[in-house]
Amino acid sequence: MLDLSAALAAALLVTAAVLIGDSIEHRHGTLHVSWPPLYAHWEPHVGPGTAAAIVVAVAVVAYGPLLAARLPWRALLFTAWGTAMAWTYSLALIDGWQRGIARRLTTEYEYLQVISPVNRFHDIPAALRDFTHHILIHSPDHWPAHVAGHPPAATLTFVLLDRIGLGGGAWAGVWCITVGATAAAAVLVTVRTLAGEALARRAAPFLVLAPAAVWMGTSGDGYFAAVAAWAVAFLALAVTGHRPRATGLASGLLFGLTAYLSYGLTLFAVIACAVLLLGRRRLRPLPYVVAGLAVVPLVFTLLGFDWWEAYRLLVTRYYEGAGGIRPYGYWVWANLACTALIVGPATAAGLRRAGSAPVRKDVRGCLRIPTDKDVPGRLRTPAAEPRLSLLVFAALLALLVADLSGMSKAETERIWLPFAMWLLPACAFLPRPRAWLTAQAILALLLNHLLLTGW
């Protein structure tokens, strides 16, 4: 009953955001979204992906929990990646190939606008040196919104794809979906490493069948989510003694790249701190993490890009545009309604259970977080649950900081995908997973069939 109450509370939050947001938009036109709180508009439709999405949903609901429990671990990781791809592609194809995938990243706001018809990054070092001169709206030849709104590693990804012959919106969309789907595997690796294999296996079907897939295909933030997720996964391996030099260096490199893909993802430092707290061998890999972390910022700085100056100018541009008009008083809670939609009712119920996970006491009666030694492999123990809870609530804290900052007013169903992936493991606490998976699938199918999303 309490689980259902948590899901109902999330549904009521979404309902309030829809009704109040619709009233504000009709009266004042300040929200700048057609179907608040989502950047979407009402357009019931079916498409080539409809049948495939239903088949994937039914298969995961029917067989997901069983396969997650029985498959060998490596096979489970590849199965999770493949199934997440199938789910994301099928949902995207409900809108059709062109509208759902090939044209998503070619609109006037997107990264590919600076590649075609005129490639403004033909000289990459020159473009980086000149990057901050085109961020503000009143600057000459100002960047499109997403180029200006992100550090240049985001745009350079698509520039480099174009240079190796994978140019255009179709390849960009395929890249984002295929790479983005690996985020599910990265989260599974982290959960298994820090909280035991049993909880990771229980979380697997929910990571695969997330409503977030509606926005993972196709948006650059789906790709960013995967990079950030693997940064955390390698850090978890490093601080628990799994090849600490190699995994520590890989984690640092990816954290550095994450900060140059999206300014807001610097908040992944909160999740990284939780991983460090849960690790038992924190000191040995840290020099390698720090060394890796320095690489990407050093390269971009030497090439002439000033991250801090770019962020300062971005804040100015944000308030010059819709960010200066959209009311903080609505979005500070309506953003959470967006989050409820991308993580689904099962996650709301899972978060409730995560909040009540047991915390052990030591012999002096003090509360403590159980260590890795308390989590014996595949067995689900009471010690594993608070460890997973800490990881999940670290992600929730990072998301709340982003919300309170006022730099994420609207469109958070896309922007917060990297954080949402770390809330989904809370579903591992739920009994009767098939019922909750059904609810997750129905929500995603309704969203993609009733609304035409902007991303």
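Residue numbers start from 1 in each chain as its sequence is written, and side-chain values use heavy atoms, with hydrogens and water left out. Because this is a predicted model, local features need pLDDT of at least 70 and side-chain atom pairs count only at pLDDT 80 or more, while totals for chains, interfaces and linings use all residues.

**View 1. Helix α17 against helix α21.** Here α17 (residues 328-354) and α21 (residues 433-450) have axes that come within 9 Å and cross at roughly 160°. Axes are lines fitted to C-alpha atoms, for helices over the stretch in contact, with angles from 0 to 180 degrees between N-to-C directions; helices are DSSP runs (H or I, at least four residues) numbered from the N terminus. So α17 runs roughly antiparallel to α21 (that label takes angles over 145 degrees). The crossing is right-handed, as the near helix is turned clockwise from the far one by less than a right angle. On the α17 side, L341, V343, G344, P345, A346, T347 and A349 meet W436, A439, Q440, L443 and L447 of α21, where contact means heavy atoms within 4.5 Å. Sorted by class, that gives 9 nonpolar, 3 polar and no charged residues. For the sorting, Ala, Val, Leu, Ile, Met, Phe, Trp, Tyr, Cys and Pro are nonpolar, Asp, Glu, Lys and Arg are charged, and the others, Gly among them, are polar.

**View 2. Helix α2 against helix α21.** The axes of α2 (residues 50-70) and α21 come within 9 Å, crossing at roughly 165°, so α2 is roughly antiparallel to α21. This crossing is right-handed. From α2, T50, A53, I54, A57, V60, V61, A62, P65 and L66 touch P433, R434, L437, T438, A441, L445 and H449 in α21.

**View 3. F121 in its loop.** F121 sits in the loop between α4 (97-102) and α5 (124-129). F121 is buried, with a relative accessible area of 0% (buried means under 20%, using a 1.4 Å probe and protein chains only). Setting aside neighbours within four places in sequence, F121 contacts V114, A127, F131, W143, T155, L156, V159 and R163. F121 and L156 are 35 residues apart along the chain, yet their C-alpha atoms are separated by 8.1 Å.

**View 4. C427 without a disulfide partner.** The disulfide count is 0, taking a disulfide as a pair of cysteine sulfur atoms within 2.5 Å. For C427, the nearest cysteine sulfur belongs to C338, 18 Å away. C427 is buried too, with a relative accessible area of 1%.

How values were computed: Helices (H or I, at least four residues) and strands (E, at least two) are DSSP runs, numbered from the N terminus. Angles under 35 degrees count as roughly parallel, over 145 as roughly antiparallel, 65 to 115 as roughly perpendicular and the rest as oblique. Buried means under 20% relative accessible area, exposed over 50%, partly exposed in between (1.4 Å probe, protein chains only).
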